[in-house]
Amino acid sequence: MNIIVCVKRVPDSGTRVRVTGDGRGIDTSGVKYVVNPYDEFAVEEAIQIREERGEGQVTALCLGPDEAEEQLRNALAMGADDAVLLEAEPPMDGLTVARELAAELEDRDFDLLLFGKQAIDDDNMQVPPMVAEILGLPCATVVVDLDVEDGRAVARREVEGGHEMVELELPAVVSTQKGLNEPRYADLKGIMAAKKKPLEKKEVELAEASTELLSMREPEEGTDGEIVGEGAEAAPELARRLHEEAKVL
Amino acid sequence: MSFEGVDYFDIDGMLSDEERQVRDMVRRWVDENVMPIIDEHYVEHEFPSQLVPEMAELGFYGANLPQEYGCAGLNNVAYGLIMQELERGDSGIRSFASVQGALVMYPIYEFGSEEQRREWLPKLASGEAIGCFGLTEPDFGSNPGGMRTRARKDGDEWVINGTKMWITNGSMADVAVIWAKTGEGDDPDDIRGFIVETDREGYTGKDQEGKLSLLASDTSEIALQDVRVPEENLLPESDGLVSALKCLTQARYGIAWGACGAAMACYREAVDYAGERTQFDDEPIAGTQLQQTRLAEMLTDITRAQLLAYRLGRLKDEGTMRPQQVSMAKRNNVDMACECAREARRLLGANGILVEYQSMRHMANLESVYTYEGTHDIHGLILGQDITGIPAY
């Protein structure tokens with residue numbers, strides 16, 4: 001079974017992100033980058049499927065700058081077999097990214113294409129279903145449980161207020177959610193081995209984006225809360241405020 | 001949120017991708033596995049032994065030894081970064097890994113026979129066996145050459161008698177590397193190393209009670225009474241006190257890095273606390289000149305220590321590192337970490353004495369680190385001898 005996992009290089013969630021002066025991007029100086037945390041579930045799932053079946057190939061694919069090699073090496077250290085880097089600065093426009101990935105994937109033979117459900121930088125959640133659409137493949141998003149059998153997969157999806165079970169014919173696209181598995185640490189031997197695994201770099205020309213980023217701004221400073229009292233005695237006042245001022249009760 | 005580290009002089013820029021990857025992995029592991037439990041273990045005076053198999057699985061033990069013996073085969077900078085991150089969690093965790101790797105696996109690798117390497121290194125790397133190192137004695141700390149422990153040849157066996165003290169992992173170890181005098185006289189050149197399985201008759205390890213430092217670590221006293229080991233347990237290439245000292249050089253190298261980690265933890269805690277704690281007109285104490293210069297000193301000292309450790313690592317990888325350079329780095333960096341921890345604790349005011357903050361735990365731990373593996377003063381004398389050519393100890 002061939003599994004391709006798409007991973008994205010994103011700023012670490014602990015990094016303090018600052019918008020540049022022109023409001024069109026983020027100041028990348030001093031920003032630490034990591035594998036998108038949702039993509040780690042995808043990598044882990046792919047490795048587990050390969051381990052359970054005792055056969056198969058896990059390929060990590062990334063569209064990103066030259067430095068994204070670091071994130072691909074992370075995926076290799078966790079246990080992916082090989083990696084491909086499509087070298088380009090990833091735009092905010094999901095469709096542009098999806099088209100580029102689809103163009104690469106078109107000629108590749110795979111049974112399962114895994115993504116994290118979203119990237120934590122732009123939070124678009126667009127690319128996995130868009131790639132599925134372009135390639136004409138079935139797609140399940142926000143998956144918390146996945147069973148793969150010959151030719152088909154059963155996925156449990158998180159939906160509002162419950163779960164949904166879907167069956168997909170392979171090859172299929174699945175985007176992964178927290179809860180699917182516990183991503184492993186890349187151990188030291190894995191990190192050493194990752195150096196020697198094949199990593200192919202291809203420069204790509206991105207198509208013009210169909211959306212344009214107009215501006216970005218940082219969230220406004222939160223205002224201080226107000227403590228209306230302590231313990232049970234505070235309840236009437238809190239209820240009154242929620243009713244009369246916030247109008248939520 | 002993951003630990004941010006301290007990197008004022010872009011030391012990251014001098015690390016390879018792989019070295020950074022190792023550091024980041026260990027950092028994350030410490031965030032997720034050590035930080036949530038260390039307070040409780042510290043207060044309970046208990047080494048968190050549940051972490052032993054996990055550290056083994058990730059490859060932390062003897063990580064700079066070759067892969068053919070089940071080790072990770074990392075370079076020494078990556079190894080140092082592991083020690084740094086472990087000690088950011090707690091000196092007791094780093095001490096465990098240091099002893100296992102630098103004081104048990106290293107001597108077996110360096111002075112052992114091929115059979116001994118094949119037998120022990122994979123077991124120690126995988127955590128199947130825990131090791132300890134017996135050199136120091138109740139009356140011989142800075143002067144290990146004066147040791148009283150003796151090994152006497154009896155047919156094709158050695159009979160060992162003596163007492164070892166301040167032995168990290170001593171009670172829980174499956175195997176001990178014991179140093180003993182083998183000659184008739186008192187010559188330190190007769191000191192040799194032995195592999196002693198701790199289930200042999202006459203071997204007892206018992207916890208040292210009453211510690212106020214390294215509480216989440218096993219520190220023990222070992223008694224050896226007519227312990228018999230076969231000839232093949234002698235480390236054949238060990239030859240005099242100098243062999244034992246070579247092991248200490250390995251461990252001290254790791255400590256030079258580890259101290260940076262403990263200091264980084266205290267500095268980060270101090271910066272965060274200063275930003276949040278308000279006094280006098282609701283202003284954060286970070287805005288006061290007093291705390292700002294305090295933080296500036298800490299950051300400068302940490303940066304200096306990091307650069308020493310980094311350069312030492314590169315020299316070690318090039319094969320040109322001298323033990324005296326290790327002495328300088330151990331001495332400077334641990335002293336630096338002691339001061340940082342103390343200053344951080346003071347900045348935290350009354351809260352600084354609570355276990356929910358890290359600085360006082362590190363402060364107390366670092367007093368042991370200041371003293372073990374060659375005291376601060378002894379390393380000063382090693383440097384003094386190197387400068388003047390005159391030994392003063």
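**Reading salt bridges in a predicted model**

User: Which residue forms a salt bridge with B:R118, and what defines such a pair?

Analyst: A salt bridge is a side-chain nitrogen of Lys or Arg within 4 Å of a carboxyl oxygen of Asp or Glu. In this structure B:R118 pairs with B:E68, and their closest N and O atoms are 3.2 Å apart. The two residues lie 50 apart and link distant parts of the chain: B:R118 is in helix α6 (residues 114–125) of chain B, and B:E68 is in the loop between α3 (51–58) and α4 (76–89). Helices are DSSP runs of H or I with at least four residues, numbered from the N terminus. The model is predicted: local features need pLDDT of at least 70, side-chain atom pairs count only at pLDDT 80 or more, and totals for chains, interfaces and linings use all residues. Side-chain values use heavy atoms, without hydrogens and water, residues are numbered from 1 along each chain as its sequence is written, and chains are lettered from A and ligands numbered from 1 in the order in which they are written.

User: Is B:E68 buried or exposed?

Analyst: Buried means under 20% relative accessible area, exposed over 50%, and partly exposed in between (1.4 Å probe, protein chains only). B:E68 is exposed at 53%, while B:R118 is partly exposed at 44%.

User: How far apart are the closest N and O atoms of B:E114 and B:R118?

Analyst: They are 3.0 Å apart in this salt bridge. B:E114 and B:R118 are four residues apart in helix α6 of chain B, so about one helical turn separates them.

User: How many salt bridges are there over all chains?

Analyst: The count is 52.
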